[in-house]
Structure formats: C-alpha cells, structure tokens
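Student: I've got a new structure open and want a quick tour. Can you walk me through it?

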Amino acid sequence: MPRTVVSTESQARAELGGDRSKPDWREGRPALPFHELSDREFEVFCFLLLKREHPGDDVLLYGGTGDGGRDIVHRIRTPAGVTTRLIQCKRYESNVGIPVVRKDLAKVWVNVFNGTIPERPDEVVFYAVPDLTSHAKDLVDSQNRWRQEAPGAIEEHLGSPASEELARHAREWWPNPAAETALSLTERARKFTEMVEEFFGVRKVIDGGVGDMAGAVRAIVLPPLESLVEGLARVERAVAPPLPAAPAAVGDLKAAFARSSTELLGQVLGLEVQGGEEVPGHRRRVPDPPRPVQGALPHELGGQPGPHGVRLQGVAEAPEPGRLGPAPVLVGQEVRQRAPAPPPVPGRPPLPVPLGPGNPAP
C-alpha cells in the first residue's frame, strides 16, 4: 500500500517512532554512516534536510510502494518560476552500481510518459550513498549513454518492448540527472547539528593545538580523577590514620654539623684533628720541594759555593719539620735563602744581610 504523502516535519518523525538505535559517528570522519540507517530513516533524513535548507519551498515525502519512482519531490521557487526536482534516495553499504540507476531511470521515464507521475520533473537527482560507481556516473551524466541503455532498460521494467512513442520519449526527454553522495550530504548536514544528533550518536573530537588539548583534559579528565583521589584518601584516613612523624633530635643535628665542620677545617689547614683539637705530633704539612732548576750546572746542583758568596742550589732547601723557615728568593735560575738580619751594634752602621745559611757577609 502506498504511504500518505508527508509534507511536515512532525509527520515525518511520527513515521519513525521514538524507540530506534542511532549509528555512532565520530566527528572527524568525513561522511555520516548513512548505510547504517534503514531505508525509511534515510528518506526522512533527506526530507528534513531539504526542509531545513529551503523552509519556504514545497517539499513532499513519498516513498514506498506506488510512489512511481518518487521518494521526494522538491518544488523550488525562483524569480523565473517553479522548478520541480524529483529525488531518488538510494542507500547501500557499497557504491551504487549501474543496474540500480538503470532500473530507476527506466521507472521514471515510463511513469512520466503514462502519467503515473503527473508533474513532469525538470530535474532528477539521486541521493546515492556512499557514492555511484564510475559506470553509474557515466549513465547519469551522458544522455547518449542513456539512449543506448533505454530500450533494454524499459523492456526489463515493463516485461515487453517499448512502444514507438515511449521509445521516442526515452530518446528525447533528458531532465539533467545528477547525484548527491555521502560526502556532499554530510557537508550539508553539518550546518544542522541538532538534526545530525537526532539520527546519529555523535562522538565529539577535539580539534586544535596542544593548548586546546590540555584545556580539554583539564576540563574533562582531571575533575573525575581528582574526585577519585579525594575519595581514596578519605578511605585511607578512615582505615588507618597516619601516625605523626617523630621530630629529629636537636643534639644529633648539632653533633653531625660539628663533625662535618671539623673535617672540612682540617682539610683546609692541613691538620689532622679530632673533636676540634689538633692531634699531637701532627703539624702543618710541608709542601713538596720544587723541581730542580732548569739549566743549573752540575757543581751548582751539588751545592758548591758560587760567586759573591752565593750558594747555588739545584733544589730549594726545605725547612725542618715543625719550623717555618725564611721564604726562598728566586734570582734568575739561582735559589737564594734569605737569612734573618743580625742584631744592630750600638755605634756601628747596620750590616748587610748575609745571603744563604752559613755565608757571612764579606
């Protein structure tokens, strides 16, 4: 039985009922999963889309047995008059092939010729999802290709060869067929979010940079996690209250600081200390004697006296342990040990300082 012609959105929704499943669709995917809708759901979706896009036009939903090859009729009002567009809704899991298009074209041509469709359409459009095959596109786009296919297609539809008048009608009438695919229908439907969510379970996708992603995580993910952590903390406190931490002994801290300071001071001063005191028998470390003087003569290395009463030493004499002697003075490549000045004698001028131990002034 043919369905009642539907002209309002409420009538179209009433046909679907309220208890139906919604195919999932992730927003990032290019096309809506129209193939997961039923045939009538897809027809109603296309009808509602046209009603949203053209609220002032006449849009009629047919469909079902006895529709004459009309799923939707759209009368487009223009300054030049009214253009009638006949729409065929084809929903398949794979691309719509030439047998389906060929059969529907033959049905429309025959029903327009015999008056089953009283209003001759100016345009015929296939809403074909996911798409048309390449051969089906050729048939829709080329009148010459249709003229080749028309005799056989019409004979298959009628069960008998076409009359001469019908054959001539098939050759001459060309309502500029076209096609809308899943991609183009999806782009049109994106403008009406509430209608998409009425037919599909939309899963949101975050589109943006790192800052947008971080903001979404803070807004969506962190609040439940914080609530969970807080709940676990309350349970932990109720089961086993934490014991207060024992304060560190002040005396232990002072003793540790004293030991560290003492060791560091001993390293700096060259002393071995215990408990902050110098260890008896251990004095300041004497630095290693300097290397032999470069260019010194053999007799100079042996410590023989040089000119002017100067003892040439190849190696500087180190002071005895426990005694800090006078600092050596380097003159060229000679090492001179400066002796302390003798005490002054009353009535005499000061004597010059002898150079080197055991070398009195001349």
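**A walk through the fold**

Tutor: Start at a turn: a hairpin of two residues joins β3 to β4. Keep in mind that this is a predicted model.

Student: How many bridges join strand β3 to strand β4, and do they run parallel or antiparallel?

Tutor: Seven bridges, with the strands antiparallel. β3 covers residues 72-78 and β4 covers residues 81-91.

Student: Which residue in β4 stands opposite Ile76?

Tutor: Thr83. Further along, Ile72 has Ile87 as its bridge partner in β4.

Student: What about β4 and β5, parallel or antiparallel?

Tutor: β4 and β5 pair in the parallel sense, over seven bridges. Gln88, for one, stands opposite Phe126 in β5.

Student: What holds paired strands together in general?

Tutor: Backbone hydrogen bonds, in either a parallel or an antiparallel arrangement.

Student: In what order do the five strands of the open sheet come?

Tutor: The order is β2-β3-β4-β5-β6, and the pairing is mixed. β2 (58-61) and β6 stand at the edges with a single partner strand each, so one side of each has no neighbour in the sheet. From one strand to the next, the twist averages 25 degrees.

Student: Which strands does helix α2 lie across?

Tutor: Helix α2, residues 39-53, lies across β2, β3, β4 and β5. Its direction is at about 175 degrees to β2. Helix α7, residues 182-189, also packs on the sheet. That helix touches β5 and β6, and its direction makes about 95 degrees with that of β5.

Student: Zoom out for a second. How many helices and strands are in the protein?

Tutor: Eleven helices and eleven strands. The protein has 362 residues, and buried ones make up 31% of them.

Student: Of the contacts between residues at least 6 apart in sequence, what share joins residues at least 24 apart?

Tutor: 63% of them.

Student: New topic: aromatics. How many aromatic pairs are there?

Tutor: The count is eight. One of them is Trp109 with Trp146. Their rings are 5.0 Å apart, centre to centre, with 50 degrees between the planes, which makes the pair tilted.

Student: Why does that pair tie together separate parts?

Tutor: Trp109 is in helix α3 (residues 98-114) and Trp146 is in helix α5 (residues 143-158), so the pair joins parts 37 residues apart in sequence.

Student: Are Trp109 and Trp146 buried or exposed?

Tutor: Both are buried. Trp109 also forms a tilted pair with Trp173, at 4.7 Å centre to centre and 55 degrees between the planes. Trp173 sits in the loop between α6 (164-172) and β6 (178-180), 64 residues from Trp109. Trp173 is buried as well.

Student: Which residues form the aromatic cluster?

Tutor: Phe34, Phe42, Phe45, Phe199 and Phe200 form one cluster. Phe199 also has a charge over its ring: the charged end of Arg20 sits there, 4.7 Å from the ring centre.

Student: And what sits over the ring of Tyr62?

Tutor: The charged end of Arg70, 4.4 Å from the ring centre.

Student: Back to Gly69. Where does it lie, and is it buried or exposed?

Tutor: Gly69 is in the loop between β2 and β3. Its relative accessibility is 2%, so it counts as buried.

Student: Beyond its neighbours within four places in sequence, which residues is Gly69 in contact with?

Tutor: Leu86, Gln88, Lys107, Val108 and Asn111. Gly69 and Trp109 are 9.4 Å apart, C-alpha to C-alpha, and 40 residues apart in sequence.

Terms used
Residues numbered from 1 in each chain as written. Predicted model: local features only at pLDDT ≥ 70, side-chain atom pairs only at ≥ 80, totals over all residues. Heavy atoms only, no water. Phe/Tyr/Trp six-rings, centres within 6.5 Å; stacked < 30°, edge-to-face > 60°. Helix = DSSP H or I, 4+ residues; strand = E, 2+ residues; numbered from the N terminus. Buried < 20%, exposed > 50% of the residue type's maximum accessible area, 1.4 Å probe, protein only. Lys NZ or Arg CZ within 6 Å of the ring centre and 35° of its normal. Pairing = 2+ DSSP bridges. Axes fitted to C-alpha atoms, helices over the stretch in contact; angles between N-to-C directions. Contact = heavy atoms within 4.5 Å.
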